[in-house]
Amino acid sequence: MPEPARSLRLGIAGPVGVGKSSLVATICRALAGELQIGVITNDIYTDEDARFLRSAGVLAPERIRAVETGACPHTAIRDDVTANLLAVEDLERDFDPLDLVLIESGGDNLTATFSPALIDAQLFVLDVAGGGDVARKGGPGIGRADLLVVNKTDLAPYVGVDVEQMVADALAAREGRAVVALSRTDEASIAQLKSWVLGMLEAHRAGTHTPQDPGPMAPHFHADEDGAGYIHTHDHDHEHTH
Ligand SMILES: Nc1nc2c(ncn2[C@@H]2O[C@H](COP(=O)(O)OP(=O)(O)OP(=O)(O)O)[C@@H](O)[C@H]2O)c(=O)[nH]1
Ligand SMILES: [Mg+2]
């Protein structure tokens, strides 16, 4: 079967500090020997995540590019993906042929997921330090991202979280979709993550994977400058400002 020219575009979303950049570094470390990889990071005000990844030495520094969103991260991965899409296409052109492009969202909240206009598949990341209950609470990323990662399992004993229970809750919330319990210090868990990425790449190339939209954000409140505010939703396709 002919391989499509385009890379697998893999999004990584999840709340602030759950270990998204570290996970990108882990994937690069595990796969840079066998795949051609590029990385796009999204930060609100800085290019700090791109600098962290360059200094980790897991990829040639020029293969790691930053998009400064200047706004809520979900705006740039869901509502108007233009800046990210241009960055991905530039990378793909400059390093043709790439196998895999990893796009890290800025840390947002439980409702932020990638639009399938930007990515082919997405990971949603939680960490045990955020609390064992979070997986049960659900939301579009937890429920319907292609893979849910329960990260930093090495910290579980220190924060009193039962990882097995958290994974069981996640599996129940996900109706059987994949969950990986991960720690950057646990090689077996890294092997599981690697094999999931390779499986997704194979499905992408074979044309058997259909990108899914995990769903719109829930209606939410925005404050106005005068102290009042308004509730709005994202359950429409057109662009808007925020
Ligand atoms: N113990 C432990 N710490 C981890 C692990 N992965 C990441 N961390 C730490 O968690 C903190 C946050 O990691 P990052 O990778 O920067 O998290 P992030 O989700 O990219 O953060 P933002 O981009 O700011 O939302 C750092 O101090 C990491 O060293 C892990 O597997 N175990
Ligand atoms: Mg980060």
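A residue is near a molecule if its C-beta atom, placed from the backbone, lies within 6 Å of it. The model is predicted: local features need pLDDT of at least 70 and side-chain atom pairs count only at pLDDT 80 or more, while totals for chains, interfaces and linings use all residues. Residues are numbered from 1 along each chain as its sequence is written, and chains are lettered from A and ligands numbered from 1 in the order in which they are written.

**Ligand 1**
- Of the 15 residues around ligand 1, those that come nearest are G19, K20, S21, S22 and G107.
- This shell holds three nonpolar, seven polar and five charged residues (Ala, Val, Leu, Ile, Met, Phe, Trp, Tyr, Cys and Pro count as nonpolar, Asp, Glu, Lys and Arg as charged, the others, Gly among them, as polar).
- Helix α1 gives the most to the shell, with three residues.

**Nonpolar core**
- The largest nonpolar core has 62 residues, and L102 and V150 have the most contacts inside it (a core is a set of buried Ala, Val, Leu, Ile, Met, Phe, Trp, Tyr and Cys residues joined through C-beta atoms within 7 Å; buried means 20 or more other C-beta atoms within 10 Å of a residue's own).
- Helix α1, residues 20–31, gives the most to this core, with six residues (helices are DSSP runs of H or I, at least four residues, numbered from the N terminus).

**α1 and α9**
- The axes of α1 and helix α9, residues 187–206, come within 10 Å and cross at roughly 80° (axes are lines fitted to C-alpha atoms over the stretch in contact, with angles from 0 to 180 degrees between N-to-C directions).
- α1 is therefore roughly perpendicular to α9 (65 to 115 degrees).
- T26, I27, A30 and L31 in α1 meet I190, L193, K194 and V197 in α9 (contact means C-beta atoms, placed from the backbone, within 7 Å).

Definitions and conventions:
A residue is buried if 20 or more other C-beta atoms lie within 10 Å of its own, exposed if 12 or fewer, and partly exposed in between; C-beta atoms are placed from the backbone. Helices (H or I, at least four residues) and strands (E, at least two) are DSSP runs, numbered from the N terminus. Angles under 35 degrees count as roughly parallel, over 145 as roughly antiparallel, 65 to 115 as roughly perpendicular and the rest as oblique. Two residues are in contact if their C-beta atoms, placed from the backbone, lie within 7 Å.
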